[in-house]
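User: I have a model open here and would like to go through it with you. Could we take it one topic at a time?
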Amino acid sequence: MLSLPRRRFLSSALLAGGAVGFSSAMPAWARGAMAGSVRKGIDEVSGSSIDLAIGRGRFATGGRSGHAIAVNGTVPGPLVRLREGQDVRLNVTNNLDEDSSIHWHGILLPFQFDGVPGVSFPGIKPGETFTAPFKVRQSGTYWWHSHSGLQEQAGHYGPIIVDPAGKDPIAFDREYIVLLSEFTPMHPHVIMKKLKQQGGGYFNYQQGTATDDYPLSGKERRMWSKMRMMATDILDVTASTYTYLINGHGPADNLELLYNLGERVRLRIINGSAMTFFNLRIPGLPMTVVQADGQNVVPVETDELQIGVAETYDVVVRPTADKAFTFVAESMDRSGMGIATLVPRAGMRAEVPALRDPPVLTMADMGMGGMDHGASGGGMDPNMDHSTTSAEDMATMDMPGKDIAGMDMSGMKMRDTSMLPPDVKVGPGLDMVSMGAPDRMGYPGLGLDNVEHRVLNYQQLAALTPGNEKRTTSRKMEIHLTGNMERYMWSFDGKKFSAVSDDPIRFAYNERVRVKLVNDTMMAHPIHLHGHFFELVNGQDNQPLKHTVIVQPGSSATFDLTADEVGDWAFHCHLLYHMHSGMFQIVSVASPSGAQS
Ligand SMILES: [Cu+2]
């Protein structure tokens, strides 16, 4: 009679004992329940089998705190450190109560392991572990992030470094990861909803008013308002909502990067943010750009560079003065900044520069930069000679805020759909058409075209090692980046992505195609292709390889692609809320036999 309750007691005691032993042996994140706060910063994982566990927690920085998604208990998640040529198994366990995923951004691997739900695999269900086994075929600086819903915004991202199999052509004495991101206590779905309800203006606290001090005349202001657009619409979400992070640390955290005098310090800069372009500079210290998107480039010395969402740049700096230097990551709209300090000794600080005046959009950003280029379109030629363009065009290219004065805009159409190729769908999702869409690969980025120091632009990038394919392209393709800012609709070719009805962009195996991206919107879009590197058609003999390209507002950018990675791959804008709103497509590369995957 007593046996049954006793057995019950014993078994529950055993369970409790087991649970205690389990919890003392394993950190909270490995059990799925993340008690309390998430740790900031970056641990390192390496070896032939790497475990990553996705969980929840609370994150706090400065005066802001809120919900976060952490991997292995930290935001950002751990550095995945690999070596070129090694075999690795990446085991991803989802401890969330919703589906999750990890995409290995910039890593070449079989498409089934690319980590995009609905494209290359079904996603990872709660409690499941997904394993990606593959051989590491490359080296360089990359990153990983969730491709499920809006999880990336909540902290689900981290860095990847692949060390080269042989000698690294980049000489350095010390290295740091500089992973840029944002934290917001606002739930990402609330951000999405506000953007949808109130257009891109919701988070823009820098909107022009009659009494502001933007360099705009009354006539210009009336013109912008007549178009129901804002010259200060630079980033959809700003520092009013975001705290900008470097390696998980807000500006108040005083993140230090220690160096010894004279050392060559390699900064592996990753823009792991959801929505923010950053202007990067270290006042008093020139930066030598040695790698872009994980691919070595001919070194270029510069003083500032703009990094788009999802891009990476490795720079080498050499502090030869015994002092502190501030690393400044200023958001493109200049509403806030991420801060770190390079210091020879702990506790030293350098001056933090004030935020500069916000830039304003110009006619070039409205797709009117190419007005006078006529039939040539100005688009396919990356070496477009600006000296042959009209004075008005020059004004639009080089003098933000000044160009609209003196021009009568009343006769101009912002939406001349007769300029569009027939495959672009004309509908409410398209509120602007670029006229001519000149190539602006030589443009350093919004607000950086009139600073007094050197600024990097895409035309300065050249692959370090020749040997990129020299085969000429056999086909040309034009893809339009389309949108309606006020309705917050984003698409390719006017078609919002829906997995059910859309046809993928198809390539034959090993086909070499010249792809021109035409931006029919007033925002810069960082366009990312999975599973491949494409070559920027930027006028260099050794075209640089990239996985992400910024297409400037009202402009075009062109790349050559050799489609030699079989399978279905995501192709999308890396602004998270643009991708989520429909600026997404599938690229399908046929197998060598010619069969579509
Ligand atoms: Cu976009």
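User: In what order do the six strands of the open sheet come?
Analyst: Bearing in mind that this is a predicted model, the order is β13-β12-β15-β20-β17-β18, and the pairing within this open sheet is mixed. The edge strands, each pairing on one side only, are β13 (243-246) and β18 (295-302). Neighbouring strands of the sheet are turned by 25° against each other on average, if direction is ignored.

User: And β17 with β20, in what sense do they pair?
Analyst: Strand β17, residues 287-292, and strand β20, residues 312-317, pair in the antiparallel sense, over four bridges. Gln291 stands opposite Asp314 in β20.

User: Are Cys573 and His578 buried or exposed?
Analyst: Cys573 and His578 are both buried.

User: OK, what about the largest nonpolar core, which residues have the most contacts inside it?
Analyst: That core has 111 residues, and those with the most contacts inside it include Leu180, Phe327, Ile527 and Tyr577. Strand β12, residues 174-183, gives the most to this core, with six residues.

User: What is Phe327 in contact with?
Analyst: Leaving aside neighbours within four places in sequence, the contacts of Phe327 include Val178, Leu180, Ile246, Leu267, Arg281 and Gly338. There is also a second, separate core of 29 residues, with Val88, Leu96, Ile107 and Val136 among them.

Key. Residues are numbered from 1 along each chain as its sequence is written. This is a predicted model: local features need pLDDT of at least 70, side-chain atom pairs count only at pLDDT 80 or more; totals for chains, interfaces and linings use all residues. Side-chain values use heavy atoms; hydrogens and water are left out. Two strands pair if DSSP finds at least two bridges between them. Helices (H or I, at least four residues) and strands (E, at least two) are DSSP runs, numbered from the N terminus. Axes are lines fitted to C-alpha atoms, for helices over the stretch in contact, and angles run from 0 to 180 degrees between N-to-C directions. Buried means under 20% relative accessible area, exposed over 50%, partly exposed in between (1.4 Å probe, protein chains only). A nonpolar core is a set of buried Ala, Val, Leu, Ile, Met, Phe, Trp, Tyr and Cys residues joined through side-chain atoms within 4.5 Å. Contact means heavy atoms within 4.5 Å.
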